[in-house]
Amino acid sequence: MSSRTIVAAIDLGPSTARVLYHAVGFARLLAADLRVVHVDAGGSRDARASALAACLEQGPYQQSFEDDQVVIRHGRVSDAIVREARAANAALVVMGSRGHLAVTTILLGSTSDAVLRHAPCPVLLVPPMDLDIVNVGDGVALTCGPVIAAVDLDEDSREQLDLASRIAHLGRHPLLLMTVARSRVTDRAAAGELSRRAHALEPAKPRAVIVRRSA
């Protein structure tokens with residue numbers, strides 16, 4: 001996956017440091033290039049300098065940010081992020097969520113919702129508070145719960161499953177494979193196909209396969 005790119009969308013606000021932290025981590029995990037995009041609707045001439053300064057000041061100290069890694073885009077924020085993801089052939093978009101927290105549910109803001117709907121790749125939303133990590137002995141683990149990879153049996157899902165396996169391993173959570181079987185496919189056949197695709201997965205192996213029927 002070395003030809004793929006992780007796109008980190010930063011707004012220079014309070015979530016910038018945490019977005020960069022996650023984006024750098026996933027870029028290294030997936031051996032992908034890193035691109036940082038800042039959308040400046042006002043077209044400020046200082047936007048690029050401000051974005052690069054934020055990366056150098058708030059990004060992980062292990063990461064050096066080069067000039068060509070930071071890009072400035074204009075227009076509607078969600079549209080600009082989606083366009084950048086397409087242009088970069090992104091494997092993942094990492095961005096902050098400005099939604100509201102309600103107990104354990106994040107109510108998405110309009111920008112997050114629009115990117116999730118239209119991005120050509122998975123999107124990682126970094127919550128506005130430190131609710132996604134917890135100390136576990138000598139390290140940290142994501143508290144997102146089980147990772148469910150939804151698989152369309154009519155499509156090639158190798159990259160999707162590889163990403164899900166890596167995320168489950170990183171978060172130390174169980175990986176589940178699920179499909180919604182078509183009427184002509186039996187539950188047994190669907191489960192068998194899921195198991196076949198799961199066989200070669202690394203580093204996290206699925207704990208279970210799930211077959212469901214559409215209403």
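L163 is placed in helix α5, helices (H or I, at least four residues) and strands (E, at least two) being DSSP runs numbered from the N terminus. The model is a predicted one, in which local features need pLDDT of at least 70 and side-chain atom pairs count only at pLDDT 80 or more, whereas totals for chains, interfaces and linings use all residues. Residues are numbered from 1 along each chain as its sequence is written, and side-chain values use heavy atoms, with hydrogens and water left out.

With a relative accessible area of 8%, L163 is buried, where buried means under 20% relative accessible area, exposed over 50%, and partly exposed in between (1.4 Å probe, protein chains only). Leaving aside neighbours within four places in sequence, L163 is in contact with L30, A91 and P122, contact meaning heavy atoms within 4.5 Å. Between L163 and A149, which are 14 residues apart in sequence, the C-alpha to C-alpha separation is 9.3 Å.

In soluble globular proteins, nonpolar side chains tend to be buried together. A nonpolar core is here a set of buried Ala, Val, Leu, Ile, Met, Phe, Trp, Tyr and Cys residues joined through side-chain atoms within 4.5 Å. The largest such core has 25 residues, of which I6, L34, V36, C55, F65 and V94 touch the most other members. At least two residues of this core are supplied by each of β1 (5-10), α1 (16-29), β2 (33-39), α2 (47-58), β3 (70-73) and β4 (90-96), and the largest share, six residues, comes from α1. When residues up to four places away in sequence are not counted, V94 touches I6, V7, A8, A9, V19, H22, A23, L124 and V126.

Helix α3 (residues 77-87) contains the buried residues S78, A80, I81, V82, E84 and A85, and what covers the buried residues of α3 includes β1, β2, β3, β4 and α4 (110-118). Just after α3, a positive phi of about 55° is taken by N89.

A search of the whole structure finds 11 salt bridges, a salt bridge being a side-chain nitrogen of Lys or Arg within 4 Å of a carboxyl oxygen of Asp or Glu. In one of these, the side chains of E84 and R35 meet at 2.7 Å, N to O. Because E84 lies in helix α3 and R35 in strand β2, the pair ties together parts that are 49 residues apart in sequence. E84 counts as buried at 3% relative accessibility, while R35, with a relative accessible area of 26%, is partly exposed.

A salt bridge also joins R182 and D154, whose closest N and O atoms are 2.6 Å apart. R182 lies in the loop between β11 (175-181) and α6 (187-198) and D154 in the loop between β10 (147-150) and α5 (158-171), so this pair ties together parts that are 28 residues apart in sequence. R182 counts as partly exposed at 42% relative accessibility, as does D154 at 48%.

In helix α6, the side chains of E193 and R196 meet in a salt bridge (2.7 Å, N to O). Being three residues apart in that helix, E193 and R196 are separated by about one helical turn, and R196 counts as exposed at 55% relative accessibility.
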